[in-house]
Amino acid sequence: MNFALDPETEEMCTALSGFARHKLDPPERFDPDEFRQRWLLAGRQGVVGTTVPEEYGGLGAGAVTAAALMEALGGGCRDTGFTFSVGAHLFACVMPIVEFGTEEQKRRWLPALASGERIAAHGITEPEAGSDALGIRTRAVRDGDHYVLNGEKCFTTNSPVADIFVIQAVTRPGGGFFGLSTFLVEAGTPGLSVGPRYDKVGLRGSPMADVHLADVRVPADRMLGSEGVGASVFTASMKWERTCLFAGYLGAMRRVLESTAEYARERRQFGAPIGSFQAVGHRIVDMLLRLESARLLLFKAAAGIDAGSQDEVAPALAKLAVSEAAVQLGLDAVQVRGALGILDGEAETLLRDALPSRIFSGTNDIQKNNIARALGLSRR
């Protein structure tokens, strides 16, 4: 086992981290034009198209490199919501086109998505279908050389700024795993509308809203893969998302851990730095332990993807470990800072941004169910 990144990847990570620190600072208030400007800057660094093959304008990198770059982005960019949006765009939207798209679809969509000229959103979650992804109600009915889509999506990341939507819809009611199909729908298509942007507790820099579909006519050649393979498209994208997207949290955790340790070295009480007190020192050691343990699981899962592994347990374990570690590290960082920890700053921001990580990409309870099923402990 070689735990070191290759020199080229290390160099890219160093450059990306520095770029993010200087160019991707979050604004005081969300502004879609400003968001697009930062997105274009990130696109020029290659990070929004990391895993897109070179012939379509991407870096052609594998999962380990993608995870390393997401970690670097999360470490340098103090706007974890922006990092999250990049991950959702790349792993939940772009990778399905890479893996399931036709040659025409790839050449039409990937270059602009990889360069940062266009932003993608993935619509699957619905008011009555969260953890039960196969319970979605959005329908797609064939009408000649088109499909007509009707339904509603919620918690759709990037939807307020998206140029293209990857939409999951039912084409065969009652068909279960083989009843879903995936469609590429352009923003501005008649009948597609996006609701107001959510005002969220965490990940505030990531625009999210409801998406409404009312008699949206989509050409049949905009279907991603063949009819009935939507669940496979979704499952494949979640393998990428549960691994590489969560690497952004590793970078954010590292940044907060380092600032917490620095604070503990400088803050004095009872005539000594608080870091010299065992209660504080041990807490920071536990923060490091959780971070490094989660990082090992995540990069193991990424290496599995590069090796062609079909194992779904490794990404689930990585998602569990990183999300739980991020929440606890945020709590610990607040505790070490005392009253200062509840003021607007890195510690409380990480905690707010980490809370949703236990919910999106499949709740942690669902991940445990999936792992238990893989161990032969459950049939559901």
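Lys and Arg are counted here as positive and Asp and Glu as negative, while His and the chain ends are left out of the count. On that basis, the mean positions of the 40 positive and 46 negative charges of the protein lie 4 Å apart. The structure is a predicted model, and its secondary structure comes to eleven helices and ten strands.

**Overall form**

- Taken along the principal axes, the box filled by the C-alpha atoms is roughly 80 × 50 × 40 Å.
- Of the 380 residues, 53% count as buried, and the accessible surface of the protein comes to about 17,100 Å², with 52% of that area belonging to carbon and sulfur atoms.
- Among contacts with a separation of 6 or more, 74% are made by residues 24 or more positions apart.

**Helix α8**

- Helix α8 covers residues 278-306, and its 29 residues should span 42 Å at 1.5 Å a residue, which agrees with the 42 Å that separate its end C-alpha atoms.
- The buried residues of α8 include V280, I284, M287, L291, A294 and L298.
- Residues three or four places apart in an α-helix point the same way, because the helix has 3.6 residues a turn.
- Further buried positions in α8 include F299, A301, A302, G304 and I305.
- The partners against which the buried residues of α8 pack are α3 (63-76), α6 (230-245), α7 (247-266) and α9 (313-337).
- Just after α8, G308 takes a positive phi of about 85°.

**Residue S206**

- S206 is found in a loop, the one between β6 (192-194) and β7 (208-219).
- The relative accessible area of S206 is 0%, so this residue is buried, the cut-off being under 20%.
- Once its neighbours within four places in sequence are set aside, S206 is in contact with G81, F82, F84, S85, T157, N158 and K200.

**Residue M223**

- M223 belongs to strand β8, which is made up of residues 223-224.
- With a relative accessibility of 8%, M223 counts as buried, because this value falls under the 20% cut-off.
- Not counting residues up to four places away in sequence, M223 touches Q105, Y147, S181, T182 and F183.
- M223 and V161 are 62 residues apart along the chain, and their C-alpha atoms are separated by 22 Å.

How values were computed: Residues are numbered from 1 along each chain as its sequence is written. This is a predicted model: local features need pLDDT of at least 70, side-chain atom pairs count only at pLDDT 80 or more; totals for chains, interfaces and linings use all residues. Side-chain values use heavy atoms; hydrogens and water are left out. Helices (H or I, at least four residues) and strands (E, at least two) are DSSP runs, numbered from the N terminus. The expected span of a helix is 1.5 Å times one less than its number of residues. Buried means under 20% relative accessible area, exposed over 50%, partly exposed in between (1.4 Å probe, protein chains only). Contact means heavy atoms within 4.5 Å. Accessible areas come from the Shrake-Rupley method with a 1.4 Å probe; for residues, only the protein chains shown count as cover. The place of a charge is taken as NZ of Lys, CZ of Arg, CG of Asp or CD of Glu.
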